[in-house]
Amino acid sequence: MDLFDYMLEQNKEKESPLASRLRPATLEEVVGQQHIIGKDKLLYRAIKADKLSSIIFYGPPGTGKTTLAKVIANTTSAEFTQINATSAGKKDMEEVVGQAKNNRAMYGRKTILFIDEIHRFNKGQQDYLLPFVEDGTVILIGATTENPYFEVNGALLSRSVIFELKSLSKEDIKTLLIRAATDEKKGMGAYGAVIEEDALDFLADISNGDARSALNAIELGILTTNRSEDGKIHITLEVASECIQKRVVKYDKSGDNHYDTISAFIKSMRGSDPDAAIYYLARMLYAGEDIRFIARRIMICAAEDVGMADPNALNVAVSAALAVERLGMPEARIPLAEAVTYVATAPKSNASYMAVDAALDIVKHTKTAPIPTHLQDAHYKSADKLGHGIGYKYAHAYPGHYVKQQYLPDGLTEERFYHPTENGYEKQVSEYLEYIKQITES
């Protein structure tokens, strides 16, 4: 490297975005991802021992995939080469493989190849790497935001260990923001910026686990905000919202507004107003509410307020909850909206919910009654000697697949817990229950 190349690298380092400058050089500086880089974890031990095999980092943007690759680059004694699958072609890989062979033959030195956005490589490009990964010419580190089980060749997967990175927690993001504002060497500590607590909370919350997004916002805020009379740059809530180009919604996840909004959301679905329900859904999504929490509330509403009037509502709600787990935001808003409109427009009945509560009250306040002998299990040894199962009438052996017999314990035979309504499918249930009352034994 000549003087001009050196100066270029130095200027590039100084002028690079904050998120890039602040990348940790050691494992101890990494924030978050303790489930894979905690001191007792496999990846931590492998990096420290410089004994890496091929690995793939999989996770959302801004969670540290490239950061961990850079840490490995700073730690390993192997040659470290990086390419990006969005711009690299076969010629680039041939050059890397050729150099790796030379390093191995001449110096006995391993080569680590970091491929960012590895899912962008087509099947042929991935196949080209396979024999060199298999024989150890290169140790592959792939990074992808897409599910590797769908986007990476099975042969490469079988030769790699997959580490899934999680979205950073709110506390993790706050730690990074404070480090960014105070670190004078790699951060922006020399500017004398002060992040107000509500602005810190807002940026940590609204970045949704994406460290890069939060750091870009704080960098923009510090660079574009005038100093106050005290000579400091104050990053207020208003500044923070402008920097991330998102209006602050009055929504405290642990305060009254949180409970008021979810209450209005549930009551709008219960009240069959899909427009209001969608509006409150949008407010929660915009404010960064936990999408899993929203999905749980929809499931509860489907079971409690729709119930047997449309049993499919619970299926829709559960399917939406599963989709939310697999998709994440922003796509999760779509199945959530579908479930909300379905539940809001479905016929309503709380009869099954009221039934179980009434039965629980009986169980709670009365002595446990013996199960009728003819309903007791008759399959175990000596059950017949106790009379268990004797006299039971098999419903399918009778006309209409129904026969009248005692099911409730003695003393409770007159209790009725379930009172079906005339709404939706429950009307058919009501008609069926009335019908079987007319059936007598043949």
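Arg 270 counts as partly exposed because its relative accessibility is 35%, where buried means under 20% relative accessible area, exposed over 50%, and partly exposed in between (1.4 Å probe, protein chains only). The model is a predicted one, in which local features need pLDDT of at least 70, side-chain atom pairs count only at pLDDT 80 or more, and totals for chains, interfaces and linings use all residues. Residues are numbered from 1 along each chain as its sequence is written, and side-chain values use heavy atoms, with hydrogens and water left out.

Arg 270 forms a salt bridge with Glu 304, with 3.9 Å between the closest N and O atoms. A salt bridge here is a side-chain nitrogen of Lys or Arg within 4 Å of a carboxyl oxygen of Asp or Glu. Arg 270 sits in helix α14 (residues 256-270) and Glu 304 in helix α16 (residues 291-306), so this pair ties together parts that are 34 residues apart in sequence. Helices (H or I, at least four residues) and strands (E, at least two) are DSSP runs, numbered from the N terminus. Glu 304 is partly exposed, at 23% relative accessibility.

The side chain of Arg 270 also meets that of Asp 305 in a salt bridge (2.8 Å, N to O). Asp 305 lies in helix α16 and Arg 270 in helix α14, so this pair joins parts that are 35 residues apart in sequence. Asp 305 has a relative accessible area of 8% and is therefore buried.

## Other salt bridges

The structure holds 13 salt bridges. One of them pairs the side chains of Lys 48 and Glu 28 (3.2 Å, N to O). This pair links distant parts of the chain, 20 residues apart: Lys 48 is in helix α4 (residues 42-49), and Glu 28 is in the loop between α2 and α3 (34-37). Lys 48 is partly exposed at 44% relative accessibility, and Glu 28 is partly exposed with a relative accessible area of 46%.

| Salt bridge | N to O distance |
|---|---|
| Arg 270 and Glu 304 | 3.9 Å |
| Arg 270 and Asp 305 | 2.8 Å |
| Lys 48 and Glu 28 | 3.2 Å |

Asp 305, as noted, is buried. Elsewhere, salt bridges that share partners join Glu 171, Lys 174, Glu 197 and Asp 201 into one network. Lys 174 is placed in helix α10 and counts as buried, at 12% relative accessibility. Leaving aside neighbours within four places in sequence, Lys 174 is in contact (heavy atoms within 4.5 Å) with Glu 197, Leu 200, Asp 201 and Ala 204.

## Nonpolar cores and a surface patch

A nonpolar core is a set of buried Ala, Val, Leu, Ile, Met, Phe, Trp, Tyr and Cys residues joined through side-chain atoms within 4.5 Å. The largest such core has 31 residues, and those touching the most other members are Leu 177, Ile 195, Leu 203, Leu 215, Ile 218 and Ile 235. Two or more residues each come from α2 (18-21), α10 (170-182), β6 (193-195), α11 (197-206), α12 (211-224), β7 (233-235) and α13 (237-243). Beyond its neighbours within four places in sequence, Ile 195 is in contact with Leu 177, Ala 181, Leu 200, Ile 218 and Ile 235. Another core, of 29 residues, lies apart from this one and includes Met 284, Ile 291, Ala 321 and Ala 339.

On the surface, Leu 314, Val 318 and Leu 322 form a nonpolar patch with about 220 Å² of accessible area together. Patches are made of residues with over 30% relative accessible area and no salt bridge; like charges are joined within 9 Å and nonpolar side chains (Val, Leu, Ile, Met, Phe, Trp, Tyr) within 5 Å. Accessible areas come from the Shrake-Rupley method with a 1.4 Å probe, and for residues only the protein chains shown count as cover. Leu 314 is in helix α17 (residues 312-327) and is partly exposed at 35% relative accessibility.

## Backbone details

The peptide bond from Met 329 to Pro 330 is cis, with omega near 10°. Pro 330 lies in the loop between α17 and α18 (333-345). Glu 117, although not a glycine, has a positive phi of about 60°, and is placed in the loop between β3 (111-116) and α7 (123-134). Ser 272 is not a glycine either, yet has a positive phi of about 60°; its loop runs between α14 and α15 (274-286).
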